[in-house]
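Here are my notes on this model, point by point. Please read them with the coordinates open.

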Amino acid sequence: MFANVPTVLTPLRAGLLLVLAVLLAVLAPTAPGAVAAGEPETGAGRTGAEVVAVTRVADRQVDLSVRSPALGGRTVDVRLLTPDGWNPHDRRHRQHWPTLWLLHGCCGDYTSWTSMTDVAETDSLRDVLVVMPEAGWNGWYSDWWNHGQGGDPAWETFHTKELRRLLERDWGAGSNRVVAGLSMGGQGALLYAARHPGMFKATAAFSGSAHPLLNEESIDRIMGFFAGQDNDPLRVWGDPVAQRRIWQAHDPFHLAERLRSIPVYLSCGDGTTGPLDPPGATSALEADFNRQNHALAAELKRVGARHLTTNFYGPGTHGWAYWERELHASLPMLLGALGVDD
């Protein structure tokens with residue numbers, strides 16, 4: 001019964017069918033699962049990181065659960081402290097806000113700053129989007145060497161590429177950014193500002209690991225952190241001798257030239273009992289980081305840093321009471337770089 005059906009389409013008929021196919025594609029309804037109008041995109045159907053869950057945890061505090069290719073497809077959380085008037089759902093009038101990246105230290109997580117300080121009650125941050133990303137228990141804000149294989153975890157790629165693009169596309173983050181952090185996060189704040197020129201307009205480090213190659217004590221101490229949770233310490237930056245160039249590329253002292261043109265805030269105690277410590281408290285870690293920060297400050301001055309602020313306040317240990325105080329002390333500089341009144 002199909003003997004008379006032609007097996008080859010005439011050019012005219014082929015052209016008509018092509019036009020019909022195009023019209024059907026244009027007029028077809030949106031496929032199920034597409035992002036509804038006015039909703040932030042979660043990355044579905046895209047390559048790269050995607051938001052898979054959103055949780056409002058408190059007034060002006062929102063947690064994003066982000067699935068990251070740079071982290072091997074794992075899902076990690078990012079806490080946002082949102083400014084007044086923040087509404088990423090309003091696509092027609094969406095505003096992009098000045099952004100403060102606030103980085104946690106070793107053994108902490110993305111909740112550390114809001115649980116341990118008064119950052120959420122700080123009035124001067126009501127016009128700023130504060131981004132507090134997960135960085136791993138001891139991730140060190142680095143793409144791990146992994147014995148030359150790279151790959152998971154790649155925290156630096158996750159933060160500076162995947163998460164940055166996601167937040168700026170869908171969640172109201174602007175391209176006007178500054179970064180601050182404590183301890184491991186202080187090193188991260190300095191590294192990100194130095195390794196990504198132009199990404200951050202200012203950086204602040206509180207008790208940061210500012211020169212891990214300072215001496216054998218400093219190297220041994222950070223290798224001890226790298227070995228935390230039964231990790232192979234050589235996975236992070238490799239061997240400090242054999243992979244010296246990788247270590248130097250993650251040592252703020254060796255990147256001082258790249259920090260010379262932006263405002264830099266460094267603060268640290270000396271590890272002895274300070275005014276915010278219980279009686280008799282001391283910290284060898286803070287004493288080590290104090291020496292590292294003095295070395296970085298001297299190197300920044302040597303290379304002609306234009307806007308260096310230091311607060312080496314003497315007695316004080318490695319603790320949150322000091323970091324909360326130093327965040328407030330550095331905010332005029334950080335917000336000034338953003339063009340926001342303190």
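1. First, a term. A polar contact here is a pair of N or O atoms within 3.5 Å; within protein, one must be able to donate a hydrogen and the other to accept it, and residues adjacent in sequence count only if both atoms are side-chain atoms. By that rule, the side chains of R195 and E156 make a polar contact at 2.8 Å. R195 has another polar neighbour: a polar atom of its side chain lies 2.8 Å from the backbone oxygen of A249.

2. Ground rules. The model is predicted, with local features needing pLDDT of at least 70 and side-chain atom pairs counting only at pLDDT 80 or more, while totals for chains, interfaces and linings use all residues. Residues are numbered from 1 along each chain as its sequence is written, and side-chain values use heavy atoms, with hydrogens and water left out.

3. Setting of R195. This residue is in helix α4 (residues 184–195). Helices (H or I, at least four residues) and strands (E, at least two) are DSSP runs, numbered from the N terminus. The classes are buried under 20% relative accessible area, exposed over 50%, and partly exposed in between (1.4 Å probe, protein chains only).

4. Neighbours of R195. Leaving out residues up to four places away in sequence, R195 touches E156, A249, H250, L255 and R258. Contact means heavy atoms within 4.5 Å. R258 is 63 residues from R195 along the chain, yet their C-alpha atoms are separated by 7.6 Å.

5. Strand β8. In this strand (residues 264–268), 5 of 5 residues are buried. In a regular strand the side chains alternate between the two faces of the sheet. Both faces of β8 are covered, with V264, L266 and C268 on one side and Y265 and S267 on the other.

6. Pairing of β8. Two strands pair if DSSP finds at least two bridges between them. Strand β7 (residues 203–206) runs parallel to β8, joined by 4 bridges. T203 stands opposite V264. β8 also pairs in the parallel sense with β9 (residues 308–312), over 5 bridges. There, C268 has F312 as its bridge partner. From β8 the chain crosses through helix α8 (residues 284–302) to β9, a right-handed β-α-β crossover. Right-handed means that, with the strands pointing away from the viewer, the path from the first strand over the helix to the second runs clockwise.

7. Aromatic pairs. Rings of Phe, Tyr and Trp (its six-membered ring) pair if their centres lie within 6.5 Å; planes under 30 degrees apart are stacked, over 60 edge-to-face, and the rest tilted. The count is 13 pairs. W101 and F200 are edge-to-face, because their ring centres are 6.2 Å apart and their planes stand at 80°. W101 is in strand β4 (residues 97–103) and F200 in the loop between α4 and β7, so the pair ties together parts 99 residues apart in sequence. W101 is buried at 3% relative accessibility, and F200 is buried at 2%.

8. A second pair. W113 and F206 are edge-to-face too, with centres 6.3 Å apart and planes at 75°. W113 is in helix α2 (residues 112–116) and F206 in strand β7, 93 residues apart. W113 is buried at 1% relative accessibility, and F206 is buried at 0%.
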